[in-house]
Amino acid sequence: MSDPLYGTFHDAATGETITRELTPEEIAALPEPPEPLAGPE
Amino acid sequence: MATPPDFSAGSVLTAAQLDQIGLWRISTTTVGTAVSSVTVSNCFSADFDNYRVVYMGGSASASGNLAFQFGPSSVSGYNANYYQIVHYSFYNGTSSNNVAGSSNAATWPYIGYHDSDSVRFSADIFNPNLAEWASIANAPYLAPASGGFCVGVQQNNGQYTGFTLTPGSGTFTGGTITVYGYNKNS
């Protein structure tokens with residue numbers, strides 16, 4: 001079983017910030033990592 | 001009282017003087033530990049047309065490129081039609097004028113950089129809450145061996161109220177994301 005993923009969520013209207021486990025839907029919505037830029041880093 | 005913006009201690013500022021303030025701090029977000037994303041909601045509104053977002057600090061578990069996506073997901077097209085380029089050159093002078101682009105993507109995928117030292121993202125966001133294309137500019141690309149700048153457009157008329165930042169690899173820990181609005185009071 002893979003480790004859970006977490007996200008921070010801030011609502012500017014209320015000033016509330018929470019960090020919680022991401023839902024399966026939120027995990028599915030995470031963008032695919034892009035190709036690395038060319039050249040040494 | 002001295003002529004603004006040279007203020008005297010104890011002076012009462014008028015509404016007209018306060019309306020001249022250029023940048024207004026809208027929100028600050030303290031990023032949690034080992035998070036795969038950070039979402040700031042309800043920071044874009046009709047109060048401002050243009051914004052500055054800064055996340056310079058914290059750290060990341062891996063090195064990579066930071067991605068930006070508008071939200072919420074209820075806005076049609078929030079995860080498509082992102083176009084950007086990043087121009088970058090290497091500090092040692094061995095390679096200059098490199099360009100990488102991204103077309104019709106789900107995010108702006110090369111809009112900042114992160115590594116174990118810090119997350120380095122700062123950008124102007126234009127018109128995110130207006131029913132027209134949003135754009136991003138004045139975003140430095142600050143990698144350990146190369147530097148440059150990023151610009152892009154999101155070709156959708158969605159009226160967004162927030163955004164999500166994600167690491168290209170690993171997770172973010174700590175630091176503060178600050179959202180400022182460019183004052184449009186006349």
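Two strands are taken to pair if DSSP finds at least two bridges between them. Strands themselves are DSSP runs of E covering at least two residues, helices are runs of H or I covering at least four residues, and both are numbered from the N terminus.

The structure described here is a predicted model, in which local features need pLDDT of at least 70, side-chain atom pairs count only at pLDDT 80 or more, and totals for chains, interfaces and linings use all residues. Residues are numbered from 1 along each chain as its sequence is written, chains are lettered from A and ligands numbered from 1 in the order in which they are written, and side-chain values use heavy atoms, with hydrogens and water left out.

Of the 41 residues in chain A, 17% are buried, where buried means under 20% relative accessible area, exposed means over 50%, and partly exposed lies in between (1.4 Å probe, protein chains only).

The interface between the chains can now be viewed as a whole. Contact (heavy atoms within 4.5 Å) links 32 residues of chain B with 23 residues of chain A. The area buried between the two chains is about 2,000 Å², with carbon and sulfur atoms giving 57% of it; buried area is the accessible area (1.4 Å probe) that two parts lose on being put together, summed over both. Three residues, B:S36, B:T39 and B:Y110, supply 19% of the area that chain B buries against chain A, more than any other three residues. On chain B, the elements that give two or more residues to the side touching chain A are β1 (23-30), β2 (37-41), β6 (82-90) and β8 (108-114). Of the elements, β2(B) gives the most, with five residues. By class, this side of chain B has 17 nonpolar, 15 polar and no charged residues. In this scheme Ala, Val, Leu, Ile, Met, Phe, Trp, Tyr, Cys and Pro count as nonpolar, Asp, Glu, Lys and Arg as charged, and the others, Gly among them, as polar.

Across the interface of chain B and chain A, zero salt bridges are found, a salt bridge being a side-chain nitrogen of Lys or Arg within 4 Å of a carboxyl oxygen of Asp or Glu. Nine residue pairs across the interface are in polar contact, with both residues at pLDDT 80 or more. A polar contact is a pair of N or O atoms within 3.5 Å; within protein, one must be able to donate a hydrogen and the other to accept it, and residues adjacent in sequence count only if both atoms are side-chain atoms.

Strand β5 of chain B (residues 64-71) and β8(B) pair in the antiparallel sense over four bridges, and here B:Y113 of β8(B) is the bridge partner of B:N65. β8(B) and strand β9 of chain B (residues 119-126) also pair in the antiparallel sense, over two bridges, with B:R120 of β9(B) as the bridge partner of B:Y113. A hairpin of four residues joins β8(B) to β9(B). In the loop between β7 (98-105) and β8 of chain B is B:T107, which is buried at 5% relative accessibility. Leaving aside neighbours within four places in sequence, B:T107 is in contact with A:P31, B:A67, B:F68, B:Q69 and B:Y82.

Over all chains, five salt bridges are found. In one of them, the side chains of A:E26 and A:R20 meet at 2.7 Å, N to O. Another joins B:K184 and B:D49 (3.1 Å, N to O). B:K184 lies in the segment after β14 (176-182) of chain B and B:D49 in the loop between β2 and β3 (50-57) of chain B, so this pair ties together parts that are 135 residues apart in sequence. B:R120 forms a salt bridge with B:D117, with the closest N and O atoms 3.7 Å apart. B:R120 is buried, at 13% relative accessibility, whereas B:D117 is exposed, at 58%. Salt bridges that share partners join B:D115, B:D117 and B:R120 into one network.
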